[in-house]
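I opened this entry to keep track of what I looked up, chain by chain. The notes follow the order in which I went through the model.

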Amino acid sequence: MATADSGVTRVPVRVADCFLLAHDDFMRRTRQGRHITQSIIELDRLPDVARLRPALARLVKKHPLLVGRLRRDWKTWLPYWEVPTAPDRGLPLGLWRERGSAGVLTEATEVAKTMELLQDIMTQPLEVEGIHFKARLDIVEGRDGGCCAALSWSHLLIDGKGAELLLAEIGRLCDGVDEPCDVKEPVRPEMTFQEKIKKTKAAVYRLEDLAKIGAPSLAGPRPRRGRGHYQVITLSAEDSAKLNARVEGMAGALFPMTFYVACAARAHDRVFQHRGKQHKGYVVSVPVQTRKRGARGPLFHNQVSIFFFSAVREALGTIEAATAAMKQQFAEMTRGRLDESFLVVLEMMMRLPSWMFMKVVRWQFKGEMCSFFHSHTGAFAPEMIEFAGAKITNAYHLPCLATPPGTGLFFCEREGQVNITLTWREGCLSDEERRLMLEQTMEDLFGEPRPDLIP
Amino acid sequence: MATQPIPQQGTLEQQLVQLVSERLLETQPGFNADSNLYDSGLDSMAIMQFLILIEEEYGVALPEGELTRQNFSTVRSVAGLVRARISPSA
């Protein structure tokens, strides 16, 4: 970290941040909002707001990157964070109560529906009074006596795992525990230019192969401005146990992610078939963590790479065949160090202006980026039991959604219960198609139709 | 890539503990062959990386049927699997 002047420091961005910067810029230019995602924790009661306020103030002082601004160095054209050394405002805290709730949160503003409020917050800028916050926290008192805390965060600064770690950090600060938690970042080896070129080959060949398949999305390559929609289905503990047993039988106990990618591909294929379209296959980019597992940090920067999976028509006939195909690709990509190779590709693109960066990304797939968004993030913050004095009853992410591709199917788990999050941008999925997609998802998850689980 | 001969159980455990700590997981002080790997953050990606590292280091590919949660719960049990591939009585 180099000091630029007395009140500001410079923090370099990480390789994956440049893709997220280009993507955020793409969303802004096409009037789709910004690349903001929400991480939701449901609580059995209201958290202690009197503990939250000082914790959020301490949070920004401890991690001033939360109010950093992205700049570009005029000599190298590399982006960097300009960070104030002594920020004086805490992270914004919004208090809300759903119409019909007990109204315990007296300072709260009344809203009709929690989900609509959350969707609105995600489309708003995070800046407040000229301060470039990269996150905010909202507490919503529900009409059922429960409550949810929504951390809205910019993908410019953190990724999904980082958001879970940030929530845990807020929880610790609420409990008066103030310890280092952002100390270690993955170290990337120094490479010569020739070594870098050699290292990019695996990713470049992979992308060339995938380009032959194409990455058709339900939205099509043209950006759309419509509202984002989210549907979260939480399976019961009993259904989750049944599902986990089925996943274990198909993907093996250790690689559930391959089953869920296959499931998301078949669900999208069902909608394409309903539209009368038979594509060669689909391409799905799955984020993979580059943090060392088990670490409390790093909280910040996008500590991810990407695995590009393909789901070709021949492999989509059954969920068993699709899972086997994904598992094989997972092994091949891990063996080929595709995650490292792809990071080197991004590193070599870091100096590109954002608009050009996105042109390069979308060029390979004729304007598309991938066929749909997907992730299986496993257990959500398993180390967190309480948050500011309230017990956590459930937790999941509401990922940001850009077009293309316009749709996404995500899975995570909290204390033995699986959450399914379907997201779509207005106009990308009709209600009938939404239902079809969920029907196919449930059928693959349970091996039989489960209309009882589809809202 | 040249592989090394598989050492005795104790040495293999030490080598795997070192490999896990350096390459895969952010382990806590006191991490040893009996520490629970899932508690230390082992996930799908880390397991796949672990399998490939074992294959590259020792030339042993563990069969699908042995990839269970139980078998990957500790370094000791993984070392046992690796040893069993060369010596069923180990």
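The model is a predicted one.

**Chain B**

I read along the sequence of chain B and got the pattern α-α-α. The count is three helices and zero strands. I then looked up the radius of gyration of chain B, which is 12 Å, close to the 12 Å from the globule rule for 90 residues, so chain B is as compact as a globular protein of that length. Along the principal axes, its C-alpha atoms fill a box of roughly 30 × 25 × 25 Å.

For burial, I noted that 49% of the 90 residues of chain B count as buried. I also checked contacts in chain B with a separation of 6 or more: 62% of them come from residues 24 or more positions apart. Chain B exposes about 4400 Å², and carbon and sulfur atoms supply 47% of that area.

**Sheet in chain A**

Next I traced an open sheet of six strands in chain A, in the order S10-S17-S16-S13-S11-S12, with mixed pairing. Strands S10 (228-234) and S12 (304-312) of chain A are at the edges with a single partner strand each, so one side of each has no neighbour in the sheet. On average, neighbouring strands of this sheet are turned by 20° against each other, direction ignored.

I picked one pair to look at more closely. Strands S13 (372-379) and S16 (407-414) of chain A pair in the parallel sense over five bridges. Phe373(A) has Gly408(A) in S16(A) as its bridge partner. Helix H6 (237-251) of chain A packs on the sheet and touches S16 and S17 (417-425), and its direction makes about 85° with that of S17(A).

**Helix H10 in chain A**

Which residues of helix H10 (354-363) of chain A are buried? I found Ser354(A), Phe357(A), Met358(A) and Arg362(A). Seen down the axis of H10(A), the buried residues fall within an arc of 120°, so they line one face of the helix. The spacing is as I would expect, because an α-helix has 3.6 residues a turn and residues three or four places apart point the same way.

On the other side of H10(A), I noted Lys359(A) and Trp363(A) as exposed. The buried residues of H10(A) pack against helix H1 (15-29), strand S4 (69-72) and helix H9 (338-348) of chain A.

How values were computed. Residues numbered from 1 in each chain as written. Chains lettered and ligands numbered in written order. Predicted model: local features only at pLDDT ≥ 70, side-chain atom pairs only at ≥ 80, totals over all residues. Heavy atoms only, no water. Pairing = 2+ DSSP bridges. Helix = DSSP H or I, 4+ residues; strand = E, 2+ residues; numbered from the N terminus. Axes fitted to C-alpha atoms, helices over the stretch in contact; angles between N-to-C directions. Contact = heavy atoms within 4.5 Å. Buried < 20%, exposed > 50% of the residue type's maximum accessible area, 1.4 Å probe, protein only. Arc of directions from axis to C-beta. Rg over C-alpha atoms; globule rule 2.2 N^0.38 Å. Areas by Shrake-Rupley, 256 points an atom, 1.4 Å probe, with all protein chains shown as cover.
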